[in-house]
Amino acid sequence: MNYKHLFYFWHVAESGHLTQTAQKLHVSQSALSAQIKQLEEWFGTPLFERQGRQLVLTEAGYIARQYASRIFHEGESLVNQLKHGQTGDDVVIRIGHASTMSRNFVEAFINDLVHQQKVNYRLHSMTPDQLFNELANHQIDIALANTNVRGSDKQLWQSRLLARQPVSVIGPVGRDIERLTSEALVGQNWVLPPENMPLRSAFDMLSAEYNWQPRVLAEADDMAMLRLLARDTGALAVIPDVVVRDELTGGQLKRYLTLPNVFEHFYAITLKRPFEHPMVAQLLQRFG
């Protein structure tokens, strides 16, 4: 095997763009493309497939990139140790999370990584569609989402329920709210998830059942934004406790009610692959 070809493949696999990589490596695009083609012929399988202007790794390409990353990172470690007296073989794990998720939950999920000196974690916030596309194209190693996904014949998703968080009515301190039937809930201002989210559907059903007649002050599908709105508007919010954990602890907000049979679900989603990232198993081990 020609390791120069593998080196060029590795850089293209990391960037996903032939032209940009050719400029970075100071070679012509045609020469770069030709050397990758030779590597594919040597392996006897395609390593990329083209989607528009972007090159996307095949399953074989994903496996080749894993090995190439180890090979060339080890080479860098060798140079650092012999020339500069530095040692290290940091593991990189790329974690994508839905932009709608609680940042507090994401932070708790990676807590084990934070205390490992040899682990470098990269967090990427994106829409659910982007999240699954990036996972399918091997650009991230694991996806965190608050909606589940089902596999198909073409795409074998592996989904694991990490946690089920209760959802509460949260608001400023000083309200007289003790029960779902409290008069203090009628005609209140609310900040809520949008109508296409499961939490909103559950709230609308309870609102109709108990005749709350809510005035919707604002809607947001981003839990971080809901947290800010709950903290700063003086309105009531329907939100999992974990999202406003710091505000509840600090006394800025108060939990008044836990909604019956309403939960926010958090999932870890991976692809079924012949070679799993070693840190993925470690992260999921805590969740049984």
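Me: Which residues does arginine 200 touch, not counting residues up to four places away in sequence?
Reply: In this predicted model, arginine 200 has its place in helix H8, residues 198-210. Once residues up to four places away in sequence are set aside, the residues that arginine 200 touches are Leu192, Pro193, Pro194, Glu195, Val216 and Glu219.

Me: Does arginine 200 count as buried or exposed?
Reply: A residue is called buried when its relative accessible area is under 20%. Arginine 200 is at 5% relative accessibility, so it counts as buried.

Me: Where does arginine 273 lie, and what is its relative accessible area?
Reply: Arginine 273 lies in the loop between S10 and H11. Leaving aside neighbours within four places in sequence, arginine 273 is in contact with Glu59, Tyr62, Leu135, His138, Ile140 and Asp141. Arginine 273 is buried, and its relative accessible area is 14%.

Me: How many Å apart in space are arginine 273 and glutamine 158, C-alpha to C-alpha?
Reply: In sequence, arginine 273 and glutamine 158 are 115 residues apart. In space, taken from C-alpha to C-alpha, the separation of arginine 273 and glutamine 158 is 9.8 Å.

Me: Why do the buried residues of H11 line one face of the helix?
Reply: Helix H11, residues 278-285, has Met279, Val280, Leu283 and Leu284 as its buried residues. They line one face because, seen down the axis of H11, they fall within a limited arc, that of 130 degrees. On the other side of H11, the exposed residues are Pro278 and Gln285, whereas the arc that holds the buried ones is 130 degrees.

Me: At what angle do helix H2 and helix H3 pack, and what does that make H2 relative to H3?
Reply: Helix H2 (residues 18-25) and helix H3 (residues 29-43) have their axes 9 Å apart and pack at an angle of about 105 degrees. Angles of 65 to 115 degrees count as roughly perpendicular. H2 is therefore, relative to H3, roughly perpendicular.

Me: Which residues of the largest nonpolar core touch the most other members?
Reply: Nonpolar side chains tend to be buried together in soluble globular proteins. The largest nonpolar core here has 65 residues, and strand S10, residues 253-271, gives the most to this core, with 10 residues. The members that touch the most others are Trp190, Leu259 and Ile269.

Me: Which residues is leucine 259 in contact with, leaving aside its neighbours within four places in sequence?
Reply: Leucine 259 is one of the core members that touch the most others. With the neighbours within four places in sequence left aside, the contacts of leucine 259 are Val167, Ser168, Val169, Leu180, Leu206, Trp212 and Val238.

Note on methods
Residues numbered from 1 in each chain as written. Predicted model: local features only at pLDDT ≥ 70, side-chain atom pairs only at ≥ 80, totals over all residues. Heavy atoms only, no water. Buried < 20%, exposed > 50% of the residue type's maximum accessible area, 1.4 Å probe, protein only. Helix = DSSP H or I, 4+ residues; strand = E, 2+ residues; numbered from the N terminus. Arc of directions from axis to C-beta. Axes fitted to C-alpha atoms, helices over the stretch in contact; angles between N-to-C directions. Parallel < 35°, antiparallel > 145°, perpendicular 65-115°, else oblique. Core = buried A, V, L, I, M, F, W, Y, C linked by side-chain atoms within 4.5 Å. Contact = heavy atoms within 4.5 Å.
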